[in-house]
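Look at the structure below and begin with its strands. The text then moves on to the helices.

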Amino acid sequence: MKHILIIAGCFLLSVRQAPAQVVRYSSWEKAKTEALAANKQVLILLTGKEWCGPCVTLERTVMTSPEFENLATEHFVVFEIDIPKSKLLKPESKIVMEHAKFSKRYEASAFPSLILVRPDGTELGKITDVSVGKEEIIRWLSVALNNMAE
């Protein structure tokens with residue numbers, strides 16, 4: 001019996017609770033409605049995960065990291081505009097026009113861009129140079145959220 005308790009205890013210590021998977025909204029209206037209902041901010045992600053090297057790196061190193069997922073789950077919802085390669089050269093496509101609208105509004109033409117806003121659209125900050133790395137992006141988000149709370 002003692003061995004079973006030791007094994008069970010070791011097993012429980014080795015199991016980590018995975019962070020909740022972050023929902024990414026493709027509709028601005030849905031994202032801001034969810035943010036208002038949950039009393040959270042909105043992180044706008046302008047990306048091209050299919051064809052943009054820095055976007056792929058951001059996705060792999062930041063957006064799926066436990067640190068990002070924990071921060072997002074608690075403090076903001078993600079509104080993502082992901083332009084697929086097939087739409088890239090079609091400026092009349094809905095997704096390209098939506099990207100252009102948000103890119104112009106927040107002066108963020110780089111791929112990728114991260115823009116933290118209130119649900120009413122008021123900008124709290126942005127990062128357009130993701131080469132700074134995961135730690136710096138997580139720190140920026142944390143500082144922006146803390147400054148907003150003060």
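This is a predicted model. It contains an open sheet of 5 strands in the order E1-E3-E2-E4-E5, and the pairing is mixed. Strand E1 (24–25) and strand E5 (123–127) stand at the edges, each with a single partner strand, so one side of each has no neighbour in the sheet.

Strand E4 (residues 113–117) runs antiparallel to E5, and 4 bridges join the two. Which residue in E5 is the bridge partner of Leu114? The partner is Ile127. Ile115, in turn, stands opposite Lys126 in E5. E4 and E5 form a hairpin with 5 residues between them. Gly121 lies in the turn and has a positive phi of about 95°.

In a regular strand, side chains alternate between the two faces of the sheet.

Helix H2 (residues 28–38) touches E1, strand E2 (41–47), strand E3 (76–82) and E4. The direction of H2 makes about 150° with that of E2. Helix H4 (residues 66–75) also packs on the sheet, where it touches E2 and E3. The direction of H4 makes about 115° with that of E3.

Helix H3 (residues 53–63) can be read through its buried residues. Which residues of H3 are buried? They are Cys55, Leu58, Glu59, Val62 and Met63. These residues lie on the same side of H3, because they cover an arc of only 115° around the axis. An α-helix has 3.6 residues a turn, so residues three or four places apart point the same way.

Key
Residues are numbered from 1 along each chain as its sequence is written. This is a predicted model: local features need pLDDT of at least 70, side-chain atom pairs count only at pLDDT 80 or more; totals for chains, interfaces and linings use all residues. Side-chain values use heavy atoms; hydrogens and water are left out. Two strands pair if DSSP finds at least two bridges between them. Contact means heavy atoms within 4.5 Å. Axes are lines fitted to C-alpha atoms, for helices over the stretch in contact, and angles run from 0 to 180 degrees between N-to-C directions. Buried means under 20% relative accessible area, exposed over 50%, partly exposed in between (1.4 Å probe, protein chains only). The arc is that of the directions from the helix axis to the C-beta atoms.
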